[in-house]
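Thanks for coming. I will take a few minutes on one structure, so please have it on the screen.

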Amino acid sequence: EKPFGVTLNILPRSLAVGIGCKKGTACDGIAALVAEVFGKNGLDPRRLAVVATIDIKKDEPGLREFCERNRLKLLTFTAGELMSVGGDFAHSDFVERTTGADNVCERAVVCVGGRLIVPKTCGDGVTCAAGELPVFIDFERKDLECCT
């Protein structure tokens, strides 16, 4: 919504998504769930800054392709790092047995410095959560920077 004839809309790249996925999940499956999460929650995909997951998924072809297509940084965390963050997260016994962390997507968002704004959403072997990263605007330096 533009309250004036000339309005500046700033879209900082200040959103993070945490992704969990089954081995061999295709890029299109990941992209579809991220698009669904953003669409249902009124999030602008142009604000997406980073994707986070567990370190055992760092070479997952579909996840890497999703990041490359969208020019996104992929940050990974060990199960110990994921489990060390505080908060109220969805729990999966299966994921804990498989990865060592009871939740990947929500915890990954918090590990990257985000405030969880969309909890775990599941679809076709993929889980996705979204969070907002802190934004620092310094007009003296003429710079916009997120914490990533």
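Arg-115 is exposed, at 52% relative accessible area; here exposed means over 50%, buried under 20%, and partly exposed in between, with a 1.4 Å probe and protein chains only. This is a predicted model, where local features need pLDDT of at least 70, side-chain atom pairs count only at pLDDT 80 or more, and totals for chains, interfaces and linings use all residues. Residues are numbered from 1 along each chain as its sequence is written, and side-chain values use heavy atoms, with hydrogens and water left out.

Back to Arg-115. Its side chain meets that of Glu-132 in a salt bridge, 3.3 Å from N to O; the term stands for a side-chain nitrogen of Lys or Arg within 4 Å of a carboxyl oxygen of Asp or Glu. The pair links distant parts of the chain, with Glu-132 in strand S5 and Arg-115 in strand S4, residues 115-123, 17 residues apart. Helices (H or I, at least four residues) and strands (E, at least two) are DSSP runs numbered from the N terminus. Glu-132 is partly exposed, at 27%.

How many salt bridges are there by this rule? The count is seven.

Another one joins Arg-107 and Asp-102, at 2.7 Å, N to O. Are these two buried or exposed? Arg-107 is buried at 7%, and Asp-102 is buried at 9%. Asp-102 is also among the residues that Ala-90 touches, along with Asn-103, Glu-106 and Lys-120, not counting residues up to four places away in sequence. Contact means heavy atoms within 4.5 Å. Ala-90 itself lies in the loop between helix H3 (79-84) and helix H4 (93-99).

In helix H1, Lys-40 and Glu-36 are four residues apart, so about one helical turn separates them. Their side chains form a salt bridge at 3.2 Å, N to O.

Now the inside. The largest nonpolar core has 21 residues; such a core is a set of buried Ala, Val, Leu, Ile, Met, Phe, Trp, Tyr and Cys residues joined through side-chain atoms within 4.5 Å. Helix H1 gives the most to this core, six residues. Phe-38 is one of the residues with the most contacts inside the core, and its neighbours include Leu-15, Val-17 and Leu-48.

Finally, the outside. Leu-8, in the segment before strand S1 (15-21), is exposed at 71%.

That is the tour; questions are welcome.
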